[in-house]
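Work through the exercises below with the model open beside the text. Each task is followed by its solution in steps.

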Amino acid sequence: MSYLRFEKAFMTNLEESLQRELLRTNRSGAYSCSTIVDCNSRKYHGLLAVPVPELDDDNHVLLSSLDVTVIQHGAEFNLGLHKYQGNHFSPNGHKYIREFDCDRVPTTIYRVGGVLLKREVVFQHYEDRILIRYTLLEAHSSTTLRFRPFLAFRSVRQFTHENAIASRAYDEVKNGIKTCMYAGYPDLYMQFSKENKFVFQPDWYRGIEYYKEQERGYASNEDLYVPGYFEMKIKKGESIVFSGSTSSCQAADFEKLFDQEVAERNPRDNFFHCLVNAAHQFHNRSSEDERYILAGYPWFKSRARDTFISLPGLTLSIEEDDYFDLVMQTGSRGLVEFMENKPLSVSIYEIDQPDVLLWAVWAIQQYAKEVGEDKCIGKYWDLLIRIVSFIESNKHPNLTLEPNALLKTDGKDRPVTWMNSTLNGHPVVPRTGYIVEFNALWYNTLMFIASLARLKEDETTATHYDQMAQKCKESFVNTFFNEHGYLFDFVEEGGLQDWSVRPNMIFPVAFDYSPLDQLQKKSVLDVCTRELLTPKGLRSLSPKSSGYNPMYVGPQMQRDAAYHQGTAWPWLGGFYMEACLKLYKRTRLSFIERQMVGYEDEMTQHCIGTIPELFDGNPPFKGRGAISFAMNVAEILRALKLLEKYKY
């Protein structure tokens, strides 16, 4: 039985099936996303959503959906499904679904009387093209298929409504048409592998509703344009391939192209393989010499902090060292341009955040452990020395090295850490001054640079950073470790301490070089276990701390207030599991394996086969936010590899 398979009873129960989403991506940042019953529930959903750089930096939904109708003896059975205002679903095509399987490619089996129709979907790796293959498995009489495309031509952040500006013009191409609703957009090519008849029958389908947007407190209704329909006969055993794309393709090649794409897909037949496939979905290539990691889907771009935190897990943990180098090559260029105060030539956001340079060093440190320190020195020594010298020289606009060897930053008026939510323009969690993970990263950086310098037989450099690290270690403990056995989250200028119990104290326990001794590490880990640990990662705030708000629901302001005030984050759980294994070795293996069960449960929840952005901090720990999040997938993969290391 397939690992990701849903039976008829589940698929026809919309309360369950509408909660499961399906994501497919390519390397350009384009994607195809909907629910497993093909009923769009977000404005971000669509069969073909592509970047249109001539317009803006967002993705744009060109083809929202494609309804297929089975016609026999003049009777029509529409297999589509849309939600309209008033909680009205039409045309209820989900009731014909017999099963859904997502082992290698998403496959839906429909039964309409004696007709058995199989639908398979792939998203082409290096083209903005969705391919859908329909195969007639059973039929006792002449069968016709009718295809009705629903067009949007709008940003994923907006809605389209009936208007007189939208162009109805189209041109015939081989086995299909091309059309473009608005100036500035690319043409949408809709073609089939088989000759067909296109009937021009323009109309707007009004009041389509996206209930996920309602849940998030946003507008939720739009109108979609249908230019007409395609119609063709199909015989038992015959397959017809549909292509929706921004470029033309030889219709005769569709079947071969579909098979090639299927052959390149890895099966999602277990937890690990699902995560590997999810990891590949974050890959992004904007040009031949630029590689990126997207922070998540469907609305995140490439962000610097997310890139360096997730890079080791998404590459090194699955034996893809080459892609690490490609992304780091692009990232290094951006880091150097930032340090030289030059305009960025790479598409990486938030590279000026004060901890980004430190996370880049941590990522390279993971590379050194995986491929060897000598190779790491050969590739990245110059960058490492440049980063540490830049910080030491106080050239960063918002990171200051103090005489006590700790780093200080200003986060009172704008967020400067991963806890970056705002309300009315101000940080919800104004972390400022000495921040615990910044200084844990700094100590780790100093010790790592010193160890590499010794390998290079550069004793002067090694001694310099060793001495600075020892001073940093003493200051760190004096500043952050309190009498209750945990670490202050941040300490403001003047010594004002934040007593909130937050997960950022897990980092100095997990890092290879820690300013804490063994007893201090165990004390911090114990507090994290008692107050922060959930089956879905670490809470962003302890239930015992003031302001605990674990439910990420409601309108934008309500969600922003809860974002880092009690919600659970799997990527923090990755560092927690690493800390457990480093402290307790094999005695915690079964405990870590039980933690993994909580993540594996997510493979059939939310967006199937991947991990969402965050979870409610209280039971039942429901997944929220972005449907697929790079740091979460990365850290679970890294923890799985650590688990195997300690097993054998």
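**Exercise 1. Aromatic pairs**

Find how many aromatic pairs the model has, and classify the pairs Tyr182–Tyr185 and Tyr576–Phe591.

Solution. Rings of Phe, Tyr and Trp (its six-membered ring) pair if their centres lie within 6.5 Å; planes under 30 degrees apart are stacked, over 60 edge-to-face, and the rest tilted. The count by this rule is 42 aromatic pairs.

Step 1: apply the rule to Tyr182 and Tyr185. Their ring centres are 6.4 Å apart and the planes stand at 55 degrees, so this pair is tilted. Tyr182 counts as buried because its relative accessibility is 18%, and Tyr185 counts as buried at 14%. Here buried means under 20% relative accessible area, exposed over 50%, and partly exposed in between (1.4 Å probe, protein chains only).

Step 2: The centres are 6.4 Å apart with planes at 65 degrees, so the pair is edge-to-face. Tyr576 belongs to helix H15 and Phe591 to helix H16 (residues 589–600), so the pair ties together parts that are 15 residues apart in sequence. Tyr576 is buried, with a relative accessible area of 0%, and Phe591 is buried at 19%.

The model is predicted: local features need pLDDT of at least 70, side-chain atom pairs count only at pLDDT 80 or more, and totals for chains, interfaces and linings use all residues. Residues are numbered from 1 along each chain as its sequence is written, and side-chain values use heavy atoms, leaving out hydrogens and water.

**Exercise 2. The nonpolar core**

Which residues touch the most other members of the largest nonpolar core?

Solution. Step 1: a nonpolar core is a set of buried Ala, Val, Leu, Ile, Met, Phe, Trp, Tyr and Cys residues joined through side-chain atoms within 4.5 Å. Step 2: the largest core has 217 residues, and Trp442, Ile506 and Tyr576 touch the most other members. Helix H10 supplies the largest share of this core, 13 residues. Step 3: leaving aside residues up to four places away in sequence, Ile506 touches Leu525, Cys528, Leu538, Phe575, Tyr576 and Ala579, where contact means heavy atoms within 4.5 Å.

**Exercise 3. Helix H10 and what follows**

Solution. Step 1: helices (H or I, at least four residues) and strands (E, at least two) are DSSP runs, numbered from the N terminus. Step 3: Glu457 lies in the loop between H10 and helix H11 (459–480). Glu457 counts as exposed because its relative accessibility is 72%.
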